[in-house]
Amino acid sequence: MSGPSHSYTLSAHAYSLPLLHAARYTSNTVLGIFLGTIDPSTRSITVSSAIPLLHHYTSLSPVAEAGISLIQAEAERVGKKLVGLYVAHEGPTSGLGRVGERVLEGLREDFDGAFGLVVSFVWPPGSSGSSDSLLLIPS
């Protein structure tokens, strides 16, 4: 059984960067990592930034793993933790997908409150058939 849930606060930068990453690479799936701080007494996570990791992938590759290692080193250097990830698919796919799930699983080995954020929107704006949305996958 899991403990009490966490609360999450995203800065403007952490909120907007996944949207910009997805808007730049509309024909590719994009994935990035959220950095933030954790207050264990209140179980609150403040997400201060996001780092784009991939904008074209089909599987979890050694390049992606190396990228996550570099992000981890940068997070440690600036006193932050890897607290989550974002994914935006090029098509009408819901959920994190296989690669996103595997990355989130790895993040949760270090921090059980790691979360996933799925960005879904139709490009160009005003296209019919769907609406813009964000889906949070909590711990």
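**Side-chain contacts and strands**

Reader: To which residue is the side chain of histidine 6 joined by a polar contact?
Author: The polar contact (N or O atoms within 3.5 Å, one able to donate a hydrogen and the other to accept it; residues adjacent in sequence count only if both atoms are side-chain atoms) spans 3.3 Å between two side chains. Histidine 6 lies in the segment before β1 (7-10), the strands being DSSP E runs of at least two residues and the helices H or I runs of at least four, numbered from the N terminus. The partner of histidine 6 is arginine 43.

Reader: On what basis are such values given, and what is the mean pLDDT of the protein chain?
Author: This is a predicted model, in which local features need pLDDT of at least 70 and side-chain atom pairs count only at pLDDT 80 or more, while totals for chains, interfaces and linings use all residues. Residues are numbered from 1 along each chain as its sequence is written, and side-chain values use heavy atoms, without hydrogens and water. pLDDT is the predictor's confidence in each residue, from 0 to 100; 81% of the residues of the protein chain reach 70 or more, and the mean is 83.

Reader: Is histidine 6 buried or exposed?
Author: A residue counts as buried under 20% relative accessible area, exposed over 50% and partly exposed in between (1.4 Å probe, protein chains only). Arginine 43 has 25% and is therefore partly exposed. Histidine 6 has a relative accessible area of 12%, so the class of histidine 6 is buried.

Reader: What value near which phi lies does arginine 43 take?
Author: Arginine 43 is placed in the loop between β2 and β3, a hairpin with 4 residues between the strands. Its phi is positive although the residue is not glycine, and the value is near 55°.

Reader: Which residues stand opposite isoleucine 33 in β3 and in β4?
Author: Strands pair if DSSP finds at least two bridges between them. β2 is antiparallel to β3 (residues 44-54) over 9 bridges, and 7 bridges join β2 to the antiparallel β4 (residues 81-88). In β3 isoleucine 33 faces isoleucine 51, and in β4 its bridge partner is leucine 85.

Reader: How many of the 10 residues of β2 are buried?
Author: Confidence in the protein chain is highest in β2, at a mean of 95, and lowest in β6 (residues 133-137), at 56. β2 is largely enclosed by the rest of the structure, because the number of its residues that are buried is 7.

Reader: Which residue forms a stacked aromatic pair with phenylalanine 34?
Author: The whole structure has 3 aromatic pairs, meaning Phe, Tyr or Trp rings (for Trp, the six-membered ring) with centres within 6.5 Å; planes under 30 degrees apart are stacked, over 60 edge-to-face and the rest tilted. In the stacked pair, the centres are 5.3 Å apart and the planes 20° apart. It links phenylalanine 34 in β2 (residues 30-39) with a residue of β5 (residues 115-120), 81 residues away. That partner, buried with a relative accessible area of 0%, is phenylalanine 115.

Reader: Which residue meets arginine 77 in a salt bridge?
Author: The structure holds 1 salt bridge, defined as a side-chain nitrogen of Lys or Arg within 4 Å of a carboxyl oxygen of Asp or Glu. Both residues lie in α2 (residues 62-77), 3 residues apart, about one turn of the helix. Arginine 77 is exposed at 62% relative accessible area. At 2.9 Å, N to O, its partner is glutamate 74.
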